[in-house]
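Okay, thanks for coming, everyone. Let me put the model up and then we'll walk through it.

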Amino acid sequence: MNSILRLLSGPRQHHVAAVCTMLASTLLAACGDSGTEVRTFDVTVQVTLPETFAQQAAAQARVLLTNTERNTSDTVVANAQGVAQFTRILPGTYIASASLALDADQAFALTGQRAALTLNAIEPARQLLAAPTTPLALRLSGSRLGDLVIKEVYYTGSRTPSGGTYFSDQFVEIYNNATDTVFADGLLIADTFGPAGQINPATVPTPFQSTTTAVHVSSIWQVPGTGRQYPIAPGGSLLIAQDGIDHRNDPNGNPASPVNLASADFETYNERPDGRDLDAPGVPNLVRVVHRGGFDWLLPVFGPGVVIFRTPTVAALDTVLVPGTTGTWVTRVPNALVIDAFEALQNGNSAAYKRVPAGLDAGFVFATGTYTGESARRRVATLIGPRRVLRDGNNSSTDFEIIARPTPRSFGTP
Ligand SMILES: [Ca+2]
Ligand SMILES: [Ca+2]
């Protein structure tokens, strides 16, 4: 209506202005600077939340319609249906954008994660000469970064039909607990240094317990990729096998093993001259960054600590000699790099053996014994549509439970 006001001040165009004023009040029309009639129109914007959220309408989203020629913006707050209605829009080039800030409680209701979140959406500039026949659609996106969690660690191993021990069927499963795709490229995974409990009378806890700002790890493996090669969808997972075979049916396996890991995303292949670790051809290999220990990435069957972390300079991490040893080395990973941690100890009396700093993981789980086929699985906190949001209180005591059989890629009843 600014153009009409300007016209009203110009006496030469007085009668045109009068006509336009009448039109504006009845037909929602306006006048151009030249005095020719310019129709205004309404623009409807439909704002939706990310597909993985509990509901789709982005109520209370702040929607901006910016005229790029005049550099002016109109703001409308979306209604409960996520609809923002703009009126009396002049023809021109516009950018539609929206934002929505969710506090922790709002985010929890929509995503299952209690953390404040800001969502945004922006559309490329478009010419609007008349009311669009369909609402302009804006899909908000945004998520906390680094929402990968350790979903399951099957570390106890299994018994063979003749009562022997078997641990090549161990696996770690990493889960995308976020609302957006996370790329696993470059992700690092490592096991903590130190015993899981009073394994024998001489066993002592890790000497690194006094270090609360870093975790000390033995071996480090890395997901390959250049940045966007290994997507994990929300609610999806990355399955890392010690050996990527069907342990129940492979001649190198154990008919009594509880798992088939032939479709794992990755395996830890520890290439060595004696060929003791087999390279399953169908399962890609993690990058072996640092390997210290056995013929494969062997997690302690008494209970491992596992961390996932990221750093662009893994080679720059400190290598530390374990006090009291002459040749046992570990790598120091600052807590700040750690995305998630898990800890299992030998039994309920093993708290003194904790290896993961409490700032990363305040507790631990324990199985009933070794080679039991039991697995440690993170509990489901809530369901958002079909997507499970897993509990993430940085405390393995409450976040995890021991289940009777492993459940790779599922949450089935074991
Ligand atoms: Ca292997
Ligand atoms: Ca392989």
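So, in what order do the three strands of the open sheet run? The order is E6-E3-E10, with mixed pairing; strands here are DSSP runs of E, at least two residues, helices are H or I runs of at least four, both numbered from the N terminus, and two strands pair if DSSP finds at least two bridges between them. E6 (83-89) and E10 (136-139) sit at the edges with a single partner strand each, so one side of each has no neighbour in the sheet.

Before going on, the ground rules. This is a predicted model, where local features need pLDDT of at least 70 and side-chain atom pairs count only at pLDDT 80 or more, while totals for chains, interfaces and linings use all residues. Residues are numbered from 1 along each chain as its sequence is written, chains are lettered from A and ligands numbered from 1 in the order written, and side-chain values use heavy atoms, with hydrogens and water left out.

On confidence: pLDDT, the predictor's per-residue confidence from 0 to 100, averages 88 over the protein chain, and 90% of the residues score at least 70. Over residues 1-32, though, pLDDT is below 50.

Now the metals. Donors are N, O and S atoms within 2.8 Å of the metal, or 3.2 Å for Na, K and Ca; water isn't among the atoms, so sites may look incomplete. Asp243 is in the E19-E20 loop and Asp296 in the E21-E22 loop, so the pair ties together parts 53 residues apart in sequence. Both are buried, meaning under 20% relative accessible area, with exposed over 50% and partly exposed in between (1.4 Å probe, protein chains only).

Calcium ligand 2 takes Glu267, Asp279, Ala280, Val283 and Asn285, at 2.2 to 2.4 Å. Glu267 and Val283 are buried.

Last, salt bridges: a Lys or Arg side-chain nitrogen within 4 Å of an Asp or Glu carboxyl oxygen. The count comes to 13. Take Arg378 and Asp399, 3.6 Å apart at the closest N and O atoms: Arg378 is in strand E26 and Asp399 in helix H4, so they tie together parts 21 residues apart in sequence. Arg378 is buried at 1%, and Asp399 at 3%.

Terms used. Contact = heavy atoms within 4.5 Å.
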